[in-house]
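Subject: Handover of a protein–RNA model

Dear colleague,

Please find the structure below, followed by a summary of what was computed from it.

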Amino acid sequence: MVKSKGYDFEEAELRIIQLWQDKKIFKFDSSDTTKEIFSFDTPPPTVSGVLHMGHAFGDAQQDFIARYKRMQGFNVLNPFGTDDNGLPTLKLVEKEKGIKAKNMTRKKFIEICLKAIKEEYVPQFLTDAKRLGTSSDWDLFYSTIDARSRRISQKSFIDLYKAGREYRTKAPSLWCTECQTTIAQVELEDETKKTTFNDITFKIDDQDLTISTTRPELLPACVCIFVNPNDSRYKGLVGKQITVPLFNFQVPVLTDEKADPEKGSGVVMCCTFGDQTDMEWQKEHKLEIKEAIAPDGKMTKLAGKYEGMKIVEARKQIIEDLKKANLLTKQEEITHDVNVHERCQTPIEFINSTQWFVKYLDIKDDLIKWGEEIKWHPNHMKYRYINWVKGLKWDWCISRQIPFGIPFPVWYCKECDESIMADEKDLPVDPMEDSPPVSKCPKCGCKEFIPETDIMNTWTTSSLTPDITKDILKGTPVYDKIKDKPFSIRRNGHDIITFWDFNSIVKSRLHHNRNPWDELMINGWILGKDGKKMAKSRGNGLSPQETIKNHGADALRYLCAAAKLGDDIAFPEAELVKGKKLITKLWNASKFVFMNLEDYDGGKPKKLEKIDEEFLKHLENAVELVSYHFERYNYSHAKEITERFFFKEFADNYIEIVKKRIYNGAGNEKISAQYVLRESLFTILKLFAPITPFITEEIYQTYFKKSEKKESIHITSWPEYKEGSPKSQAFIEFCSLLTNVRQEKTNKQISMNSEIILTLPSEAIKSIEGMKEDFKAVTAAKEIKEGNFKVEFA
RNA sequence: GAACCCGUAGUCUAAUGGUAGAACACCUCGUUUACACCGAGGAUACCCAAGUUCGAUUCUUGGCGGGUUCACCA
């Protein structure tokens with residue numbers, strides 16, 4: 001039963017998690033308490049297997065602040081959710097279950113997804129998050145697919161529709177032919193691919209005209225040819241008809257400034273749609289739309305004999321045929337970046353289809369202004385947001401053509417296509433299962449309706465987490481206090497500023513005309529040991545589960561505190577060792593303190609010995625500094641100051657100074673040391689508590705609990721300090737003199753406790769006035785004489 | 001092409017308009033009734049250039065190098 005003298009982190013951490021849970025230490029107080037609220041809007045991790053190192057990194061950094069705020073006396077609202085709808089979840093279920101959504105009914109597939117989420121994915125995520133020591137109120141849990149989220153998300157859709165902020169239209173949109181759905185601008189990734197730049201001969205008035213393209217398979221979708229209006233070479237061609245090779249139809253030659261005379265032959269073909277520019281041209285010049293590529297990535301009948309071929313296949317075949325017909329004059333190997341879908345690496349296409357959009361291009365300036373009203377930590381992350389908003393080219397396409405997710409609460413009139421929104425009281429609805437709220441179309445009277453089969457993109461819902469969290473608290477006394485207020489803060493990684501933060505600001509502004517939060521805390525990324533993004537393909541991934549098992553959650557959290565907020569960091573493995581060393585030292589120092597407190601009744605000494613008083617002063621200064629940095633979410637610096645103070649000032653100096661008095665002293669001088677040892681240790685533990693909550697809790701439970709009222713160190717109050725509390729010069733001078741003596745002993749190669757006769761200059765003797773006995777004790781000086789500095793054997 | 005971040009010992013980092021502080025690694029010594037997962041000490045560092053300044057690692061500008069994001073990608 002008796003454990004070895006050391007601290008068994010695994011046993012202790014699991015026991016402490018249980019304790020926190022049993023005593024509901026992190027419960028948000030939803031009564032009508034007057035305690036000031038500090039609220040977090042926490043990123044619901046995408047359920048994609050298990051909690052990964054990136055989650056742990058960000059969650060830990062948020063938890064440092066959550067715990068600090070709680071000890072500061074705030075009523076901390078710290079919910080936890082999981083993001084488990086839409087494409088990511090669909091892909092995970094397909095992979096894990098070995099099934100394909102398209103091979104079964106939608107109903108069946110959804111059933112399988114919901115079951116897996118509820119029984120496997122979410123419980124696993126919760127277990128992992130708890131194991132890290134995250135101080136969330138687990139009763140404030142939401143899933144972005146649960147009924148509440150579905151209701152809120154659908155209501156949001158209906159409200160924005162009524163506000164004229166949403167429209168449904170047929171328009172070219174970013175499309176993944178693999179996933180067969182529209183995707184958003186943010187879901188794109190660049191990939192460098194090899195391809196050929198082909199010089200193709202077009203015929204115009206029996207003349208040959210060379211046009212270069214990387215996408216000859218789009219020839220059937222060619223709608224016109226552009227030359228630059230200032231390009232004298234082609235002036236004569238403008239307005240004429242040109243024949244598209246192989247397909248032999250005619251298109252006009254037009255001019256546009258965007259045609260670059262320097263590129264290729266200076267002549268460009270416009271196809272609907274090869275890229276962004278094609279789309280702009282189509283709009284500006286009111287060109288016809290030709291669809292050569294179908295949603296499944298195969299050529300349409302517009303492509304004639306190439307119909308049914310996949311894009312790449314068709315490209316190859318067309319190039320072959322051009323060669324045969326002597327219409328290909330040159331082929332150049334090039335590498336270029338193409339936009340691919342981040343989830344499947346498929347090059348995206350622009351496909352013309354009917355989609356729902358949230359209109360926001362008209363409020364770009366406001367969005368920038370609103371973003372600037374938020375306090376960003378670190379501040380420079382704001383510019384990523386601004387930069388993103390400035391670059392927006394599309395309204396927000398929110399519809400996705402996949403079976404799993406939150407359905408649009410809408411039906412369409414079979415006759416006139418009028419959108420029939422669900423009744424709010426019926427939400428959440430599934431139009432594919434439920435009936436519309438009206439029996440006939442209010443516009444044309446038709447009695448038949450077609451349900452929307454698309455679902456809403458997952459960010460449409462996760463951008464509503466502030467509303468979802470508040471909804472959980474509906475009906476409690478605290479609700480009125482939070483319902484019309486922004487959250488105090490949201491924390492998330494810098495990679496989702498443009499998804500989650502941006503979309504959340506959009507929604508909050510459009511719905512509530514206020515920002516969703518006052519502040520944003522943006523965490524960086526934890527990279528592999530090689531400094532590269534962790535990826536299965538690189539084999540540089542590390543799992544938090546494994547790390548916690550081998551080193552403990554405290555050690556991992558300690559590691560996470562090594563990076564400043566917002567900074568990316570290569571996994572600093574050495575920090576785990578450093579963290580464990582700290583934990584061991586805390587344990588041993590506490591053991592020492594309480595070993596020597598057995599005859600101490602907890603009372604204050606009549607009078608503090610001078611060095612004890614000075615040390616407390618010194619500590620108060622450290623508390624102020626640490627608090628200063630925590631207040632600014634600068635937990636890494638707070639940790640560093642605490643650590644330095646603990647190792648250098650407390651363990652190496654103060655403990656050594658009072659040791660002899662503790663061992664051999666009696667009466668007030670001993671009680672003074674005992675009092676200060678206990679108080680300062682407690683203070684130091686509190687300063688560490690947000691970073692390493694387990695070891696500090698274990699020490700609290702073992703030694704402090706019986707004389708303190710609180711159930712956990714994490715709900716004790718943060719140590720007090722006076723503003724502008726100075727360092728103790730007396731303590732500093734005392735220690736610097738001590739260092740001189742130690743140095744001399746080291747130079748003389750004698751042990752630290754060998755007795756000496758010490759000669760000190762008069763000003764040095766003056767500086768230790770009132771602390772002379774302690775100085776003699778810590779240096780093992782039998783006597784102190786006045787003169788030039790000298791250390792002699794006794 | 002644009003925005004932003006970053007260049008400090010062998011490594012990873014901190015602070016700072018005036019002596020640059022830790023940790024790991026390295027060297028020397030000591031083994032003391034909390035701790036050998038120890039203690040005391042030592043050596044080693046501000047990317048380059050110009051400017052502001054009495055003084056710049058710090059502020060400004062330019063360059064070089066690394067990174068992230070956005071854009072372009074006929």
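The notes below cover the conventions, the overall fold, the RNA surface and the cysteines.

This is a predicted model, in which local features need pLDDT of at least 70 and side-chain atom pairs count only at pLDDT 80 or more, while totals for chains, interfaces and linings use all residues. Residues are numbered from 1 along each chain as its sequence is written, chains are lettered from A and ligands numbered from 1 in the order in which they are written, and side-chain values use heavy atoms, with hydrogens and water left out.

Overall fold

Chain A holds 23 helices and 29 strands (DSSP runs numbered from the N terminus: H or I of at least four residues for helices, E of at least two for strands). The C-alpha trace of chain A spans about 115 × 65 × 50 Å along its principal axes. Of its 794 residues, 55% are buried (under 20% relative accessible area, with exposed over 50% and partly exposed in between; 1.4 Å probe, protein chains only). Of the contacts (heavy atoms within 4.5 Å) in chain A between residues at least 6 apart in sequence, 77% join residues at least 24 apart.

The RNA surface

There are 50 residues around RNA strand B, and F197, S212, D337, K581 and Y663 come nearest (a residue is near a strand if one of its heavy atoms lies within 4 Å of it). These residues divide into eleven nonpolar, 19 polar and 20 charged (Ala, Val, Leu, Ile, Met, Phe, Trp, Tyr, Cys and Pro are nonpolar; Asp, Glu, Lys and Arg are charged; the others, Gly among them, are polar).

For N588, the corresponding distance is 3.4 Å, to a sugar or linking oxygen of RNA strand B. Elements giving two or more residues to this surface include β7 (188–204), β13 (328–341), α16 (574–595) and α18 (635–664). The most come from α18, with ten residues.

Cysteines

With a disulfide taken as a pair of cysteine sulfur atoms within 2.5 Å, the count is zero. C416 is in no disulfide, the nearest cysteine sulfur being that of C441 at 3.6 Å; C416 is partly exposed, at 32% relative accessible area. The sulfur of C446 is 4.1 Å from its closest cysteine sulfur, in C413, which is too far for a bond. C446 is buried, at 14% relative accessibility.

With kind regards

Technical notes:
A polar contact is a pair of N or O atoms within 3.5 Å; within protein, one must be able to donate a hydrogen and the other to accept it, and residues adjacent in sequence count only if both atoms are side-chain atoms.
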